[in-house]
Amino acid sequence: MTSPLVEANGLGRRYQQAGEAVVALSSATLRIWPGQRIALVGRSGSGKSTLLHLLAGLDQPSDGSLTWPTLGPVESLLPEKIALVFQAPSLLDSLSVAENVALPLLMAGRAKDCADRVTFALNTFGLLSLADKLPQTLSGGQMQRVAMARAIVGEPQLILADEPTGQLDQVSGHALIDALLRHLAGSECALLIATHDPVIAWRMETQWQMEHGRLSGCERSGGSR
Ligand SMILES: Nc1ncnc2c1ncn2[C@@H]1O[C@H](COP(=O)(O)OP(=O)(O)OP(=O)(O)O)[C@@H](O)[C@H]1O
Ligand SMILES: [Mg+2]
């Protein structure tokens, strides 16, 4: 029987805002399985980024349990096993596009793979001609494509993408997701993508909804796969 990549039970996250507790995530119970394609939808402020940051091991829950049964301890997750595409710009200004994309490989001690893998990742998202550019010379949409290339370069087992098409017009956004899904076709890499775009959401096999920190749609992922 396959084990889940991520398992969460009763997961919650509270923040303090001006002395008041804000419940950003409440009692989320979920599993993510190899090869799953999941859309996470919900209004602004509903808790999508909060959940993704927890699942990436970047943040710690206030309540509940969170484990990565097939991936191992939390310190080993990023950036090799889990790739996180941040909602906010996250490229390093002083590095070229190609150097930014190479970072996960360098951090994982895979320097010898760099040249081939970086060329492949750039090509997957139509970025070869921008390889030597610095991030500040790129458009917001180009930066998001670079962040996506950086996410796939190390062949992670789970990609968590936080509104990766938020800076793109709809046609370009759909083209980016097409390229990602083509790349992942037949792969055991799982994808969880937060999006406000219903067309992108329905391209995923599973839709999770977030409303005021309450997650639904993930009930069927509770059993074994
Ligand atoms: N670091 C923080 N400190 C305090 N409150 C926070 C923090 N991060 C998020 N929040 C609050 O938690 C709630 C959920 O925020 P979150 O960013 O997860 O929403 P979201 O669904 O990703 O929204 P969007 O679609 O706008 O990106 C909001 O009320 C937000 O104000
Ligand atoms: Mg968000």
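Me: Why is S129 called exposed?
Reply: Let's set the value against the cut-off. Exposed means over 50% relative accessible area. S129 has 66% relative accessibility, so S129 counts as exposed. Keep in mind that this is a predicted model. S129 lies in the loop between α3 (114–124) and α4. Its C-alpha atom is separated by 10.0 Å from that of V97, which is 32 residues away along the chain.

Me: What makes A18 exposed, and where is A18 found?
Reply: The cut-off for exposed is over 50%, and A18 has a relative accessible area of 85%, so A18 is exposed. You'll find A18 in the loop between β1 and β2. A18 also has a positive phi of about 50°, although A18 is not a glycine. E155 is another non-glycine residue with a positive phi of about 50°; E155 sits in the loop between α4 (140–152) and β6 (158–162).

Me: Why is E7 called buried?
Reply: Buried means under 20% relative accessible area. E7 has 18%, so E7 is buried. E7 belongs to strand β1, and its side chain is joined to that of R31 by a polar contact of 3.0 Å.

Me: How do you know that the E7 and R31 side chains make a polar contact?
Reply: Within protein, a polar contact needs a pair of N or O atoms within 3.5 Å, one able to donate a hydrogen and the other to accept it. The E7 and R31 side chains are joined at 3.0 Å, and this counts as a polar contact.

Me: What makes I38 buried?
Reply: With the cut-off at under 20%, the relative accessible area of 0% for I38 means that I38 is buried. I38 has its place in strand β3 (residues 37–41). In space, I38 and M204 are 5.5 Å apart, C-alpha to C-alpha, although 166 residues separate them in sequence.

Me: Is T165 buried or exposed, and how do you know?
Reply: Again, buried is under 20%; T165 has 11% relative accessibility, so T165 counts as buried. T165 is in the loop between β6 and α5 (170–184). T165 and Q142 are 23 residues apart in sequence, with 10 Å between their C-alpha atoms.

Me: Why is Q87 called partly exposed?
Reply: Partly exposed covers values between the buried cut-off of under 20% and the exposed cut-off of over 50%. At 39% relative accessibility, Q87 falls in between and therefore counts as partly exposed.

Me: What makes S49 and Q87 donors of the magnesium ion?
Reply: Here the cut-off is that a donor is an N, O or S atom within 2.8 Å of the metal. S49 (OG) and Q87 (OE1) lie 2.0 to 2.1 Å from the magnesium ion (ligand 2), and they are its protein donors. The pair links distant parts of the chain, 38 residues apart: S49 is in helix α1, and Q87 is in the loop between β5 (82–85) and α2 (97–107).

Me: Which residues come nearest to ligand 1?
Reply: S44, G45, K48, T50 and Q87 come nearest, out of 15 residues around ligand 1. A polar side-chain atom of T50 is 2.6 Å from an oxygen atom of ligand 1. For G45, a polar backbone atom lies 2.7 Å from an oxygen atom of the ligand. The Q87 side chain has an N or O atom 2.8 Å from an oxygen atom of ligand 1. Taken alone, ligand 1 exposes 640 Å², and the protein buries 66% of that.

Me: What kinds of residues form the shell around ligand 1?
Reply: The shell has three nonpolar, nine polar and three charged residues. Helix α1 gives the largest share, three residues.

Definitions and conventions:
Residues are numbered from 1 along each chain as its sequence is written. Chains are lettered from A and ligands numbered from 1 in the order in which they are written. This is a predicted model: local features need pLDDT of at least 70, side-chain atom pairs count only at pLDDT 80 or more; totals for chains, interfaces and linings use all residues. Side-chain values use heavy atoms; hydrogens and water are left out. A residue is near a molecule or strand if one of its heavy atoms lies within 4 Å of it. Accessible areas come from the Shrake-Rupley method with a 1.4 Å probe; for residues, only the protein chains shown count as cover. Helices (H or I, at least four residues) and strands (E, at least two) are DSSP runs, numbered from the N terminus. Ala, Val, Leu, Ile, Met, Phe, Trp, Tyr, Cys and Pro count as nonpolar, Asp, Glu, Lys and Arg as charged, and the others, Gly among them, as polar. Donors are N, O and S atoms within 2.8 Å of the metal (3.2 Å for Na, K and Ca); water is not among the atoms, so sites may look incomplete. Buried means under 20% relative accessible area, exposed over 50%, partly exposed in between (1.4 Å probe, protein chains only).
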